[in-house]
Amino acid sequence: MFLGVTASVTNWDADGTSCSIVLEDNPLVDFVELPDTCQGLYYCNILSGVIRGALEMVSMKTEVTWIRDMLRGDDAYELQVKLVKQIPEEYPYKDDE
């Protein structure tokens, strides 16, 4: 929402713990071209860290990986989000005190 990007969530697995986020547009790469020597680089890897960090704030430990990247010649930007575990919330105080 901050970047003005529309995304769709697809490819849910049977357990409901893994899905793909497909980005229609990515303004972070408007003027970027990767040279042949940097084809192993995921230029927008910061987005996977942002998604993982945001989900950790709501008690979800996840793995976020790039599946497709238009800078590498694919037809779309796609991230796979996999839930590793639900972290129980810990309160700094007890309710009975």
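Colleague: In which strand does I67 lie?

Modeller: This is a predicted model, in which local features need pLDDT of at least 70, side-chain atom pairs count only at pLDDT 80 or more, and totals for chains, interfaces and linings use all residues. Residues are numbered from 1 along each chain as its sequence is written, and side-chain values use heavy atoms, with hydrogens and water left out. Strands here are DSSP runs of E with at least two residues, helices are runs of H or I with at least four, and both are numbered from the N terminus. On that basis, I67 lies in strand β3.

Colleague: Is I67 buried, partly exposed or exposed?

Modeller: Buried means under 20% relative accessible area and exposed means over 50%, with partly exposed in between, using a 1.4 Å probe and protein chains only. The relative accessible area of I67 is 42%, so this residue counts as partly exposed.

Colleague: What is the relative accessibility of T62, and which residues is T62 in contact with?

Modeller: T62 also has its place in strand β3. Contact means heavy atoms within 4.5 Å, and, leaving aside neighbours within four places in sequence, T62 is in contact with R52, L55, V81, K82, L83 and V84. T62 counts as buried, because its relative accessibility is 6%.

Colleague: Why is one side of β3 left without a neighbour in the sheet?

Modeller: Two strands pair if DSSP finds at least two bridges between them, and the open sheet of 4 strands, with antiparallel pairing, has the order β1-β2-β4-β3. Both β1 (7-10) and β3 (60-68) stand at the edges, so each has a single partner strand. For β3, the antiparallel pairing over 8 bridges is with strand β4 (residues 77-86).

Colleague: What angle does the direction of helix α1 make with that of β3?

Modeller: Helix α1 (residues 45-56) packs on the sheet and touches β2 (18-23), β3 and β4. Axes are lines fitted to C-alpha atoms, for helices over the stretch in contact, and angles between N-to-C directions run from 0 to 180 degrees.
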